[in-house]
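Subject: Structure handed over, with notes

Dear colleague,

Please find the structure below, followed by notes on what was found in it.

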Amino acid sequence: MPYEVRGGIALRASRLWSFIQSVRSLEQAVFGAHLNEYGSEIKGSKLLQRERFEWAKQSRPMDSQARRKHALNFLNASAQGRIPRRDEFTAYGQACLAFVDGLIDLLSEHGARLFAAMIPPVARPPGITSDLPRKDIVFLMERYYYFLDAQDETGLLVMDRTEKPSDREFAGRMERYFTDTRRGIQRAQRVVPAPFFVESDMAYGVQVADVCIYVVNWGRRFGAMDGPVREEIRDYANLLERIEWHATISRDDETFRTHSVFFVPDPYEARGGRRA
């Protein structure tokens with residue numbers, strides 16, 4: 001991946017169940033089944049693989065009924081002990097792309113907002129021993145706090161479970177930030193400091209967030225960012241711009257613009273960081 005991206009989607013709890021139902025209905029309408037029935041899940045790296053675009057271009061766009069029929073046949077091919085036919089590859093590729101289009105529409109319809117902190121793939125410099133989160137994470141919590149404060153809401157952090165030691169270390173850094181720093185203590189008034197870790201294959205919201213972050217990684221660029229871009233994904237990144245959050249913030253006699261998707265050139269610098 002060209003960058004490391006941390007982030008996700010913000011969605012009101014009152015809209016969550018409706019959103020999940022809508023995603024499941026979309027999944028059924030596009031693929032003719034739910035992907036978890038076939039040992040898969042909604043992931044950007046699967047739905048937006050380069051070969052999915054290649055398959056989709058093998059023929060003209062199918063109508064939704066034919067695409068769903070052939071995409072379902074594609075999913076069942078392995079259990080039937082056969083290689084999918086050409087039209088099934090084509091339908092599945094088109095279904096994957098149509099599904100991502102539909103997800104972005106649903107995010108917009110349900111009032112979701114996209115948050116993402118992008119950093120270059122740099123190693124932690126020798127001698128950096130801070131037990132607090134990296135600067136990009138702090139900036140991400142800052143944006144989330146401002147967003148929640150503008151809505152007069154309290155927000156949770158629901159995260160994809162990885163490895164227990166890594167998750168425990170991250171949770172510890174977050175707790176220290178929210179309890180031991182002046183800014184963190186202030187932001188804990190809006191952001192519940194204890195993250196919830198869930199298995200992504202059982203959490204539709206986390207799966208959809210994965211798709212968004214994958215799109216941002218390959219398709220969203222600011223100014224001097226020179227990481228490789230997949231042009232076929234840039235179109236999806238442009239669509240996601242409509243659910244980014246922007247605001248004018250007043251703090252400490254200073255007024256500035258803030259954005260929910262941003263780039264931090266060096267997450268280990270003591271000061272600085274900007275939206276390039």
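**What was found**

Ala-247 is buried, with a relative accessible area of 13%, where buried means under 20% relative accessible area, exposed means over 50% and partly exposed lies in between, computed with a 1.4 Å probe on protein chains only. This is a predicted model, in which local features need pLDDT of at least 70 and side-chain atom pairs count only at pLDDT 80 or more, while totals for chains, interfaces and linings use all residues. Residues are numbered from 1 along each chain as its sequence is written, and side-chain values use heavy atoms, with hydrogens and water left out.

Ala-247 is found in strand 5; helices (H or I, at least four residues) and strands (E, at least two) are DSSP runs, numbered from the N terminus. Leaving aside the neighbours within four places in sequence, Ala-247 is in contact with Phe-256, Arg-257 and Thr-258, contact being heavy atoms within 4.5 Å. Met-202, by comparison, is 45 residues from Ala-247 in sequence and 33 Å from it in space, C-alpha to C-alpha.

Next comes a sheet. Strands of a sheet pair through backbone hydrogen bonds, either parallel or antiparallel. Here an open sheet of 3 strands has the order 1-2-7, with mixed pairing, and two strands pair if DSSP finds at least two bridges between them. Its edge strands, each of which pairs on one side only, are strand 1 (4–10) and strand 7 (261–263). Strand 2 (residues 113–119) and strand 7 run parallel and are joined by 3 bridges, and Ala-117 has Phe-262 of strand 7 as its bridge partner. Helix 6 (residues 135–151) packs on the sheet, where it touches strand 1, strand 2 and strand 7, and its direction makes about 160° with that of strand 2; axes are lines fitted to C-alpha atoms, for helices over the stretch in contact, and angles run from 0 to 180 degrees between N-to-C directions.

Helix 6 also packs with helix 7 (residues 164–180), at an angle of about 60° and with the axes 12 Å apart. The two helices, helix 6 and helix 7, are therefore oblique to each other, since angles under 35 degrees count as roughly parallel, over 145 as roughly antiparallel, 65 to 115 as roughly perpendicular and the rest as oblique. Their contact is made by Ile-137, Val-138 and Met-141 of helix 6, together with Phe-170, Met-174, Tyr-177 and Phe-178 of helix 7.

Finally, the salt bridges, each being a side-chain nitrogen of Lys or Arg within 4 Å of a carboxyl oxygen of Asp or Glu, come to a count of 23 by this rule. One of them joins the side chains of Glu-88 and Arg-85 (2.5 Å, N to O); Glu-88 is buried, with a relative accessible area of 0%, whereas Arg-85 is partly exposed, at 45%. Another joins Arg-134 and Asp-136 (2.9 Å, N to O), and both of these residues are buried. The side chains of Arg-183 and Asp-252 also meet in a salt bridge (2.9 Å, N to O). This pair links distant parts of the chain, 69 residues apart, with Arg-183 in helix 8 (residues 182–187) and Asp-252 in the loop between strand 5 (246–251) and strand 6 (254–259). Asp-252 is exposed, with a relative accessible area of 54%.
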